[in-house]
Structures are given as C-alpha cells and as structure tokens.
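Okay, everyone, thanks for coming. Have a look at the model on the screen, and I'll talk you through its side chains.

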Amino acid sequence: MRCATATHIGLVREENQDEVFAKDFGGRILVVVCDGMGGERSGSQASAIAVRELFDHFEAGYRPGMDAEAVRTLLISSVSAANSVIYTTARMDYKSFGMGTTCVAAFVEPGWISIANVGDSRAYLMENGIMRQITSDHTVVNMLFQQGKIRRDQMPHHPQRNMLTRAVGVERVVRPDYFRIPYGDDYLLLLCSDGLSAYSSEEEIRETLVQNTFADAPKALVDLALQKGGRDNISLAIVTK
C-alpha cells in the first residue's frame with residue numbers, strides 16, 4: 001500500500017491554511033486532509049490542531065484486528081476529539097473566535113476504506129479508470145441543489161458557493177458523515193481540499209490521475225489547480241496498492 005501527499009499555497013493566498021498528513025498502521029494507512037478557516041492565522045491553527053488531535057486520538061485507540069464497527073467508532077470519535085479541542089481553543093482566545101476547519105479522513109485497510117468527513121474537502125475513489133465522489137459537500141449550495149432549488153450548473157457561480165453548513169470546531173458537537181466501501185485490485189483513493197475540486201472538474205482530475213504515474217500524480221494535480229488560477233490553497237493525498 002502506497003501513499004503520497006502534496007500541498008501548495010496557491011497563487012493568491014498569503015498563507016497555506018491546509019494540512020495533510022498520513023501514517024502507516026502496520027500495512028494500513030490513516031490519511032487526513034484539512035482546510036482551515038477563520039481570521040488571520042486562525043485557519044492554519046484550526047487545521048493543525050485537527051490533524052494533531054485526530055491522529056493522537058486514533059493512535060491511542062487503535063488495535064490490530066479491529067472490526068468494522070470499532071474502526072467506525074474510533075474514526076468518528078477522533079474527529080469529535082479534534083472538534084472539542086478547536087471549539088475550546090477558539091473560546092479561550094477572542095482572536096481565534098470562529099475558527100474551524102474542514103476534515104476528510106480515510107483509514108485504508110486490505111479490501112476496505114473507512115471515511116469520515118465534515119465540510120467540503122472531498123474523497124474520490126477511482127477503480128479501473130472510473131472515478132466517483134464518495135463524500136457529499138456540507139455547503140449551502142449543495143443543500144440547495146439537493147432540495148431542488150438550484151441546478152447543478154448554477155452551483156459553481158452561486159453567491160453562497162463557499163459557505164459551509166458544517167465544519168470541525170465551530171459547534172460544540174460535530175456530526176461527521178461516515179462511509180465504509182470495498183475496493184478491488186485496481187483502485188486509487190484521492191482526498192483533496194476544495195483548492196483542487198472547486199476549480200477542476202471531476203473529469204479533469206480523473207484524466208490527470210490516469211495520465212500520470214503514481215509518483216507524478218500529486219504534482220500533476222497541483223499543477224492542474226494552478227493552471228486554473230490557483231485561487232486557494234491546494235492539498236491532496238492519494239493511496240493505492
């Protein structure tokens with residue numbers, strides 16, 4: 001099992017408020033992408049706290065041979081632990097009030113991927129050259145689309161396109177979505193912040209992954225986002241066999 005990550009400040013932002021990290025757990029991989037938000041330096045603080053607390057909590061609770069329900073409970077509780085620390089930190093320092101972060105975390109083990117997400121950082125799974133989005137964005141525009149109030153083609157230009165309905169650290173309690181999906185021999189998992197997904201189509205991302213080797217794919221995806229203007233921080237992680 002191989003994992004590669006990349007992050008880039010982009011061409012517009014003054015600070016990279018994304019965090020991406022991966023760790024091996026005896027042939028299994030936990031990987032996380034977070035996209036911070038808030039005032040000056042608060043976004044980067046929130047994403048850094050989220051990654052640290054999530055990994056610390058997961059590592060403390062992980063045991064080899066855990067069944068599906070135990071993995072689910074541990075992954076969700078790890079996101080909740082990160083939420084609690086960010087929420088408390090923001091209320092102890094007025095300069096950090098309102099800070100939060102998106103979070104998409106995946107635990108990849110033989111045959112199965114467990115994913116927890118909050119916000120609009122995404123997980124995609126590509127198998128045999130066919131890619132599908134696993135997560136659903138927690139955004140106002142996606143909520144309006146699901147309710148039938150706007151069309152899909154209106155989503156990229158909607159005035160509330162960047163407004164989240166859920167984020168880690170903003171409320172006392174967080175509600176991550178959870179997915180457990182099987183995978184076959186020919187697979188590639190992609191986690192990314194919206195610095196990639198908001199400015200590149202799913203087909204453009206798929207083509208970039210297909211046309212590049214695993215080693216070259218992270219840089220190629222960053223270059224794709226930069227070619228689209230690089231208007232946000234760009235972070236991603238890919239996992240394959």
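Searching the whole structure turns up 11 salt bridges, where a salt bridge is a side-chain nitrogen of Lys or Arg within 4 Å of a carboxyl oxygen of Asp or Glu. Before I go on, the housekeeping: this is a predicted model, so to speak, with local features needing pLDDT of at least 70 and side-chain atom pairs counting only at pLDDT 80 or more, while totals for chains, interfaces and linings use all residues. Residues are numbered from 1 along each chain as its sequence is written, and side-chain values use heavy atoms, with hydrogens and water left out.Let's take D232 and R13, whose closest N and O atoms are 3.3 Å apart in a salt bridge. D232 is in the loop between α6 (217-227) and β11 (234-240) and R13 in the loop between β1 and β2, so this pair ties together parts 219 residues apart in sequence. Helices here (H or I, at least four residues) and strands (E, at least two) are DSSP runs, numbered from the N terminus. D232 is buried at 7% relative accessibility, whereas R13 is partly exposed at 41%. For the cut-offs, buried is under 20% relative accessible area, exposed is over 50%, and partly exposed is in between (1.4 Å probe, protein chains only).

I9 sits in the loop between β1 (2-8) and β2, and D232 is among the residues that I9 touches, along with E14, E15, N16 and N233, if you skip residues up to four places away in sequence. Contact means heavy atoms within 4.5 Å.

Over in helix α5 (residues 202-211), R206 and E203 are 3 residues apart, about one helical turn, and their side chains meet in a salt bridge at 3.0 Å, N to O. K228 and E204 make another salt bridge, at 2.7 Å. That one links distant parts of the chain, with K228 in the loop between α6 and β11 and E204 in helix α5, 24 residues apart.

Now, which charged residue is buried yet has no salt bridge? That's D120: the nearest side chain of opposite charge, R122, is 7.2 Å away. Lys and Arg count as positive and Asp and Glu as negative, with His and the chain ends not counted. D120 is in the loop between β6 and β7 (122-127), and its contacts beyond four places in sequence include D137 and D194.

On to the rings. There are 8 aromatic pairs, taking Phe, Tyr and Trp (its six-membered ring) with centres within 6.5 Å; planes under 30 degrees apart are stacked, over 60 edge-to-face, and the rest tilted. F21 and F55 pair edge-to-face, 4.9 Å centre to centre with 85° between the planes. F21 is in strand β2 (residues 18-24) and F55 in helix α1 (residues 42-61), 34 residues apart. F58 and Y62 are stacked instead, at 5.8 Å and 15°, and both are buried.
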